[in-house]
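Work through the exercises below with the sequence and the structure side by side, and try each task before reading its solution.

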Amino acid sequence: MIDTNSKTYCPLIFHGIYVERAGNGAYQIAPCCISKKSQVLTQTIDFVNNRYLNVIRTAANNNVRAPQCQSCWVVEDNGGESRRQVYMDRFKENQATTPELISLDYNTLPICNAKCIICGPYFSSAWIQDAQLLKLGSRGAITIIDKEQNQLDGLDLTQLKSVYFNGGEPLLTNDHVTILTQLQNINEVAVSYNINGSCYPTEDVLQLWSKAKEVTLSLSIDGINEQFEYIRNPLIWKQVSDNIAKLNNCLPNLKINIAYTVGLHNVFGLRECINWCNTNIDKFDVATQFHVHTANGKLDIKFAGRELRKSFLNELSLIDNNKFYWGTSLKNYVRSTVDPSNNWMDYLYSLDKIRNTNWETTFVELYENSLNDR
Ligand code: SF4
């Protein structure tokens, strides 16, 4: 018998689905956007009987940690607050273990106007050319991605209480509008997005959002000024900060969160960014609205050398760890996750070469503190 208070239970395992296009009408699924995805599927999704989802449910039913949910277990083991714990709280009234679709995470078309240094061509159409120049390959190029939303055929959306869109840049697509306009109970649905802040919503989108129970925009802001522009190349900080100012009060049911993806490139920018958000976003509670996630890929903190790692810990000690739920887990991540196999500098130098940027002068503290590891 499953114990829904146990540390292995997650409501999303029984009530959630993440759908990500894999091109040519195929897709992958998972209980949520951070759990491990299934193999590529082409048949209509049967939410209740799908084999992949049921393997994860069986683990939860047996009170064991599903390996597909490793992202949550890592955060929890490092003392942080996982997505599972957030949803335990949010889904207090939906902790049954009979599968019923309540939460949809949807990956919109990989159309994007940014080539973020922590991203790549799979999620951003803008990245494809640079990926070719860097000889990184461009898996899932936009040209073979289907534009139809038939992936959702067969899913019963009538009981949804939560819908989340990531991308690409969701606001550059029509996917989110197509889904939201299908929801007859949109007034009961908490809608959320991960967006890059460069696109201001149209009047039609604002109108649609005004009908939702609430709208949360998680803006990917992981630096300010020139560091933002390096990380989120070629977005313009002024345009993004102006949009944030306009979004502040555009709808009574809209809330802004900040999603700071921290890699070894921007540990030193955290405090400045927190201060900026505190000062510039109305009614902003940094403790609950400023979220930090660790970057995977070439700029993962795990690739930092010993001396750089020490300077990260010094920097993080200047942040009030009692105030931020992610403070302890981030420090633990810096301390415990070590992998010297990748030379992150080579990646930044190669980006500089094709983008005419200069990481040494943009991230001065990073450059100076990395000298001791050379
Ligand atoms: S990854 Fe975490 S939040 Fe997602 S389904 Fe698994 S336990 Fe739940």
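**Exercise 1.** Determine which exposed residues the face of helix 2 turned away from its buried side carries.

*Solution.* That face carries R51 and T58, where exposed means that 12 or fewer other C-beta atoms, placed from the backbone, lie within 10 Å of the residue's own, while 20 or more make a residue buried and counts in between make it partly exposed. The model is predicted, so local features need pLDDT of at least 70 and side-chain atom pairs count only at pLDDT 80 or more, whereas totals for chains, interfaces and linings use all residues. Residues are numbered from 1 along each chain as its sequence is written, and helices are DSSP runs of H or I with at least four residues, numbered from the N terminus.

The next step is the opposite side. Helix 2 spans residues 51-61, and its buried residues are L53, I56 and A60. Seen down the helix axis, these buried residues fall within an arc of 65° (taken from the directions from the axis to the C-beta atoms), so they line one face of helix 2. The buried residues of helix 2 pack against helix 1, with contact meaning C-beta atoms, placed from the backbone, within 7 Å.

Conventions. Helix = DSSP H or I, 4+ residues; strand = E, 2+ residues; numbered from the N terminus. Contact = placed C-beta atoms within 7 Å.
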